[in-house]
Amino acid sequence: SAKAASGSALLGFKAIPVSEEDLIVVPEGYTARPLVAWGTPISGNYPEYKLENTGADQGMQVGSHHDGMHFFPIEGEDPYEGSSTEGLLVINHEYVEPRYMHAAAVGQKLDADGYPVNADGKRDPDQVLKELNAHGVSIVHIARQENGTWEVVRDRLNRRVTGLTPMEIHGPLRGSDFVKTKYSPDGTMVRGTLNNCAHGVTPWNTYLTCEENWAGYFSNLKTEDQKPSLPREQSRYGVSTGTSRYGWELASNGADEFIRFNATPTAADATQDYRNEPNGFGWVVEIDPFDPNSTPKKRTALGRFAHEGVVFQPPVEGQPVVAYSGDDARFEYIYKYVSAQPYVKATAGGHLLDNGTLYVAKFNEDGTGEWLPLVFGQNGLTPENGFNSQADVLVNTRTAADFVGATKMDRPEWGAVDPKTRMVYFTLTNNSRREEAQIDAANPRAKNNWGHIIRWKEANNQPNAKQFEWDIFVLAGPPEDSRKLSGEALNEDNIFNSPDGLWFDADSRLWIQTDISESLMNKDEFAQFGNNQMLAADPETGEIRRFLTGPIGQEITGVITTPDQRTMFINVQHPGATTTDEEFAAGNQKSRWPDFDNNIYPRSATVVITKNDGGIIGT
Ligand code: FEO
Ligand code: CA
Ligand code: CA
Ligand code: CA
């Protein structure tokens, strides 16, 4: 393999500069092409993308706001084996931008939250349906063509999972009072998955989609007996006491599947209204991508919070399954799940996610750390302290973690496990609200605008250990306020901030993706970083090099290669999001990516990256 002129043998490409262009830029010798943009037809009668698409059309098309993603080779059960020319691309769809979605919205009044409303303040039911159907997950059969490009295969395996798809509740919450609703009086079912941010892949080759900022999708207008606050399983997560994020509960047809987003108690008991609807969200959801008729399952043993993603330790026969997940909000926590049953390849399956122990991380000042179990009856999680069952502990995971004294982190986003060393890396994207008095060794900067990446090794390198040792891999930021593993500052080849997506390829190359908020991007001290980007790092030397820059207004998120590592897929989410409502109204779009067609809006899309010499990506 070609070694770069200097530095890490893992990083064989020349760093590219920061960029403010409305383009994808990759290093010399690489090619990047968009694929499966929002609205690409994949099933049913394959409706072509246009602004006039109905809600039903959207249910047959790729969703919006692409995020975490995996490539499942069409054959083979090992992510490092199997076909590299044909597979199922499974993509999360985090949220929607209504101003880009509806033809009618062109002449319609926009609510302050950006969604179109009728004169009476109600919402058009088909617009609500379209927005729900643009959330969730797309499962898309794709294949490489003779000419090297990739295309959608029109196949029965193609599927949309949306904000309306019926799902089973599994694990300790199943059948508990917390999830009994008018829709599911026995507390076993819930409709849909929302705010599907990052993802995970189980050792038995199924897909996990994670529900992140679901709380704002619900409204609870507070009844007399709820004053002064909502129940803690809503208030601790930020369920709205006004209208919800998209106002779906305001659908003018009063359809049950829409008005359920109003969780205000209205009836004598929980089986007659939707007070418990929010308790069906905030979970990790398992989907079998190869069975289009399978019912997705919410795996409640992994806890309820703003789940960013979930990442597994490589499985070991006869040992427990171990997975990590971050709660992406300021001052929230990092968690680890350890299955009760051992992993046995021949029988491994989703049951391993229903029975196990959820731990939360405490990072000590001396570089050691502890995993604190969130188990009913232990560590004071008892009725005397307000915890009455394991279901209660899990539906209130944040409150339980507060109670046991976990370490409040600077917004934990993606995690990644180095396949060579089993070390775990996590991005802490930023936290502008941390004050001097709140600094600790693991979150060492006040007003942490830039973010950092922390890593740890489990004691004795046993994934199910109760202790670990940690250090900081990189403090992101400008040259004057950054630090690599070597102690050196970042420079023009690698300055970045707000690390979010994180993934190790099979050679232990660490890929880092950034998400500078659209409110800060390209402005003031953030301008020097340009548009959001992707970098690659050598985990041993700490060297980092910029590999890709994205178009205007977007974030780069989601990354996977084919098993042969010669095709990489990444996602561009929310291009043009920096366009103000005034610019939007005047027809001045900041981005036209990826279509560059002035008659349509910018669209989230996957990007396929190949090396022109057919080589391994990153070499
Ligand atoms: Fe959806 Fe925390 O990113
Ligand atoms: Ca993210
Ligand atoms: Ca984002
Ligand atoms: Ca983010």
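Which residues have the most contacts inside the largest nonpolar core? I took this question first, working from a predicted model.

**Confidence.** I noted that the pLDDT of the chain averages 96, with 97% of the residues scoring at least 70. The exception I recorded is residues 1-5, where the pLDDT is below 50. In the model this stretch has seven contacts beyond near neighbours in sequence. For the complex, I read an ipTM of 0.98 and a pTM of 0.97 from the predictor.

**Core.** I found 148 residues in the largest nonpolar core. The residues with the most contacts inside this core are L89, V90, V360, A416 and Y425. Strand 19, residues 356-363, supplies the largest share of the core, with five residues. Apart from this core, I located another of six residues, including V96, Y100, M101 and A134.

**Y425.** I then looked up the contacts of Y425, leaving out residues up to four places away in sequence. Y425 touches G415, A416, I453, R455, F473, L502 and L510.

I examined an open sheet of four strands, ordered 26-27-28-29 with antiparallel pairing. Strand 26 (499-504) and strand 29 (544-549) are at the edges; each has a single partner strand, so one side of each lacks a neighbour in the sheet. From one strand to the next, I noted an average twist of 25°.

**Strands 26 and 27.** How many bridges join strand 26 to strand 27? I counted four, between strands that run antiparallel, with strand 27 covering residues 510-514. Within this pairing I found F504 opposite L510 in strand 27. L510 is also one of the residues that Y425 touches.

Note on methods:
Residues are numbered from 1 along each chain as its sequence is written. Chains are lettered from A and ligands numbered from 1 in the order in which they are written. This is a predicted model: local features need pLDDT of at least 70, side-chain atom pairs count only at pLDDT 80 or more; totals for chains, interfaces and linings use all residues. pLDDT is the predictor's confidence in each residue, from 0 to 100. Two residues are in contact if their C-beta atoms, placed from the backbone, lie within 7 Å. A nonpolar core is a set of buried Ala, Val, Leu, Ile, Met, Phe, Trp, Tyr and Cys residues joined through C-beta atoms within 7 Å. A residue is buried if 20 or more other C-beta atoms lie within 10 Å of its own, exposed if 12 or fewer, and partly exposed in between; C-beta atoms are placed from the backbone. Helices (H or I, at least four residues) and strands (E, at least two) are DSSP runs, numbered from the N terminus. Two strands pair if DSSP finds at least two bridges between them. Axes are lines fitted to C-alpha atoms, for helices over the stretch in contact, and angles run from 0 to 180 degrees between N-to-C directions.
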